Amino acid sequence: MSSASKPIKRKKPDPNSAKLTPEATQVLKDWMMSPEHVDHPYPTEDDKTELMANTGLSRKQITCWFSNNRKRFWKPKMDELGKEANLMGNTLSEHTVDYLKNWMLSPEHIQNPYPTPQEKLQIMADTGIDKKQLICWFSNNRKRIWKVKIQELKNLYGLGAEENLSDEHWEMYARTSSAVAPTPFAPVAAAAPPPPVQAEYPTAHVPPPDLHDADPVPPPDLHDVDGAIVDYAAIAAAEVVESMMREHEDGNEQKRQKTEDTVESYAV
């Protein structure tokens, strides 16, 4: 019997394993890319137990899925986030970048530069950046800034690449570190008002006029006795015209009288 005619032995499925459905896959992806786990997508045994209950998968299935998808799914996503971090880094202010660097390299966080959910909220409140910008920045700069700093410390203390920094080394770093605790943005102080302009020559103080006289005049009634609305503007204009005409007539009367006096003088 030739080898081509031999039946192929197929591995029997594990009766205790459930099928990896799209719903179960989405649950695992959501866990892997959640803000709490995206930086370190390695579920603990307790996490696996919870995922088993949420997906119906076995512990072995969950372990295999994470082992495969840290390469197929998580790493490409993180590379994409790293590229976005490069673009976002150009838009962050200098103060924001200094704040994030100081946080990462401070003695309190340099041993574990992975902010907790509460620390992320505080950083976002202090800097004004959103969660995506924060995750991108830390993911990218743990390689560019943090790893470089750790290697510098190992070289400083005479350690090899595979050796770890001891508690004594961290105490020395805390005493000599130039990284300061990050502080939130200080509010911009309001500009002081310009000083008053002094007059070249002093002037006597003149008290403001009293807006009310001793006997205030009540406003005129806009309605006459018959109830009709009175146009006081028109009345005032008519009074002005009448006054001008009266002055004109008085002038003519004076001229006429002067002419008569002149005629009488010649007659005499």
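The structure described here is a predicted model, in which local features need pLDDT of at least 70 and side-chain atom pairs count only at pLDDT 80 or more, while totals for chains, interfaces and linings use all residues. Residues are numbered from 1 along each chain as its sequence is written, and side-chain values use heavy atoms, with hydrogens and water left out.

The protein contains 8 helices and 0 strands, where helices (H or I, at least four residues) and strands (E, at least two) are DSSP runs numbered from the N terminus. Along the sequence, the elements follow the pattern α-α-α-α-α-α-α-α. Of the 268 residues, 26% count as buried. The accessible surface comes to about 20,600 Å², and 57% of this surface belongs to carbon and sulfur atoms; such areas derive from the Shrake-Rupley method with a 1.4 Å probe, and for residues only the protein chains shown count as cover. Contacts are defined by heavy atoms within 4.5 Å. Among contacts between residues at least 6 apart in sequence, 62% join residues at least 24 apart.

The loop between α1 (22-32) and α2 holds P41. This proline is buried, with a relative accessible area of 1%. Leaving aside residues up to four places away in sequence, P41 touches W31, M32, F66, R70 and W74. The C-alpha atoms of P41 and S67 are separated by 9.8 Å, although the two residues lie 26 residues apart along the chain.

Helix α2 spans residues 45-55, and its buried residues are D47, K48, L51 and T55. Viewed down the axis of α2, these residues fall within an arc of 95°, so they line one face of the helix. The arc is that of the directions from the helix axis to the C-beta atoms. On the other side of α2, D46 and A53 are exposed. The helix is followed by G56, which has a positive phi, near 80°.

After α5 comes G128, whose phi is positive, near 85°. In helix α4, Y99 counts as buried at 5% relative accessibility.

In helix α7 (residues 167-176), the buried residues are H169, W170 and Y173. These cover an arc of only 100° around the axis, which puts them on the same side of α7. D167, E168 and R175 are exposed on the other side of α7. The buried residues of α7 pack against α4 (94-105) and α6. Helix α7 also contains A174, which counts as partly exposed at 42% relative accessibility. A174 and P107 are 67 residues apart along the chain, and their C-alpha atoms are separated by 5.3 Å.

The largest pocket has a volume of about 290 Å³. On a 1 Å grid over the protein atoms alone, a pocket is an open set of points where a 1.4 Å probe fits, with protein on both sides within 12 Å along at least five of seven lines, and lining residues have an atom within 4 Å of a point. Grid points are joined across faces, edges and corners, and the volume is the space filled by probe spheres set on the points. The lining of the largest pocket comprises 15 residues, of which D39, W74, Y114, R142 and K143 lie nearest its centre. Helices α3 (59-89) and α6 (131-156) each supply at least two residues of this lining, and the largest share, 5 residues, comes from α6. By class, the lining has 7 nonpolar, 2 polar and 6 charged residues. In this scheme, Ala, Val, Leu, Ile, Met, Phe, Trp, Tyr, Cys and Pro count as nonpolar, Asp, Glu, Lys and Arg as charged, and the others, Gly among them, as polar.

Key: Buried < 20%, exposed > 50% of the residue type's maximum accessible area, 1.4 Å probe, protein only.
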